[in-house]
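This report describes one protein model for a reader who has not seen it before.

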Amino acid sequence: MKQRIQNGLSGTALKTIALVLMLLDHIHYFFEFTGLVPVWFSMLGRLAAPLFLFCTVEGFAHTHDRKRYILRIWLLGAAMGTVEFFMMYAGALRRGDDFYPQNAIFLALFWLCLVWQGIDWLRQKKWLPGLAAVLGPIVWPFIVAGILTAFAPQITQTPASSSWFAYLITAVLPMWSTITDGGWFFLLSGILLYALYNHKTLRLLAWAGMSFLGDFLLPYLQVRNLPGFTFAQMFTVYYEWLSIFAVVLMLLYNGKRGRGCKPLFYIFYPAHVYILYALSCLTYTLML
């Protein structure tokens, strides 16, 4: 293990670490209601999303077939988005306390892949497709707002049309502003990591600095005047900023792919989400 750390961590090693941390985080996410899962499961899990983001940047940069890479991510995201759509709007398969999983990181990564492709097109001076790819995902929530403002009566006139539109913005082309696993900060982080891709150390330091501002400083300024707030709560309640420590593992990346195990990483995410969710539903029922 010491020799492996000295030689750095491969992409496969980083993904494996991220999977373990994500599993801990989701065990807390799905079973928090029991009061039996310690919060440090979720604290460690804060490192998972930035590690997956980092690995996706590397995967996108090195893949030999970007269209297939983007399509694979979109299909997985749309499939999970479809399940979430029925849980959200039809109340299907919800847990007894109305809880349902809102895990949509693949859809956030899909939007980022489009932006990354746009960045490359801009570098190649392909201005029109580049600007469209970069700005499209960013302005999509505003386009949706404009459509609703202009055509809300027609869209909501029948249950079918409103359902199809809701499905479009939930599973097919969801707005980054509503994706639980990928808001504006996740999008900005991904753009930064790719835009500075050729500056390996600088991009990680810039990402760490941005993470500190976005996940620690801004939340602190927002909650510091709340009644009963103490600075210690930044380590016990408002701990999203712990994701910054993922930079240590990123710095250990040796630039090598590793053994791969591609099917495992794509299958594990949806599989473990629904297995844990099913077990949590069973546990909730047994605890009644």
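Arginine 94 has a relative accessible area of 26%, so it counts as partly exposed. In this predicted model, its side chain meets that of aspartate 98 in a salt bridge, with 3.8 Å from N to O. Aspartate 98 is partly exposed too, because its relative accessibility is 48%.

Aspartate 98 sits in the loop between α5 and α6. Its phi is positive, about 75°, although the residue is not a glycine. Leucine 93, found in the loop between α5 (66–89) and α6, also has a positive phi, near 60°, without being a glycine. With 66% relative accessibility, leucine 93 counts as exposed.

**Salt bridges**

How many salt bridges does a search of the whole structure find? The search finds 7. In general, side chains of opposite charge can pair when their charged atoms come close.

| Pair | N to O distance |
|---|---|
| Arginine 203 and glutamate 58 | 2.7 Å |
| Arginine 123 and aspartate 120 | 3.2 Å |
| Aspartate 98 and arginine 94 | 3.8 Å |

Arginine 123 and aspartate 120 are about one helical turn apart, because they are separated by 3 residues in helix α6. Arginine 123 is partly exposed at 43% relative accessibility, whereas aspartate 120 is buried at 11%. Elsewhere, a network of salt bridges links Asp25, Arg46 and Glu240.

**The nonpolar core**

The largest nonpolar core contains 81 residues. Leu14, Leu51, Ile73, Trp116 and Trp207 have the most contacts inside it. Helix α6 (residues 105–123) gives the largest share of this core, 12 residues.

What does tryptophan 207 touch, apart from its neighbours within four places in sequence? Tryptophan 207 is in contact with Pro50, Ser189, Leu192, Leu193, Ser243, Ile244, Ala246, Val247 and Met250.

**A nonpolar patch on the surface**

Some nonpolar residues lie on the surface instead. Trp184, Leu188, Phe212, Leu213, Leu217, Leu218 and Leu221 form a nonpolar patch there, and together they have about 630 Å² of accessible area. Two or more residues of the patch come from each of α9 (184–195) and α10 (200–223). The largest share, 5 residues, comes from α10. Phenylalanine 212, one of the residues of the patch, is located in helix α10. Its relative accessibility is 40%, which means that phenylalanine 212 counts as partly exposed.

**Cysteines**

How many disulfides does a search of the whole structure find? The search finds 0. Cysteine 113 is in no disulfide, and the nearest cysteine sulfur, which belongs to cysteine 55, is 13 Å away.

The cut-off for buried is under 20% relative accessible area.

Key. Residues are numbered from 1 along each chain as its sequence is written. This is a predicted model: local features need pLDDT of at least 70, side-chain atom pairs count only at pLDDT 80 or more; totals for chains, interfaces and linings use all residues. Side-chain values use heavy atoms; hydrogens and water are left out. A nonpolar core is a set of buried Ala, Val, Leu, Ile, Met, Phe, Trp, Tyr and Cys residues joined through side-chain atoms within 4.5 Å. Buried means under 20% relative accessible area, exposed over 50%, partly exposed in between (1.4 Å probe, protein chains only). Helices (H or I, at least four residues) and strands (E, at least two) are DSSP runs, numbered from the N terminus. Contact means heavy atoms within 4.5 Å. Patches are made of residues with over 30% relative accessible area and no salt bridge: like charges are joined within 9 Å, nonpolar side chains (Val, Leu, Ile, Met, Phe, Trp, Tyr) within 5 Å. Accessible areas come from the Shrake-Rupley method with a 1.4 Å probe; for residues, only the protein chains shown count as cover. A salt bridge is a side-chain nitrogen of Lys or Arg within 4 Å of a carboxyl oxygen of Asp or Glu. A disulfide is a pair of cysteine sulfur atoms within 2.5 Å.
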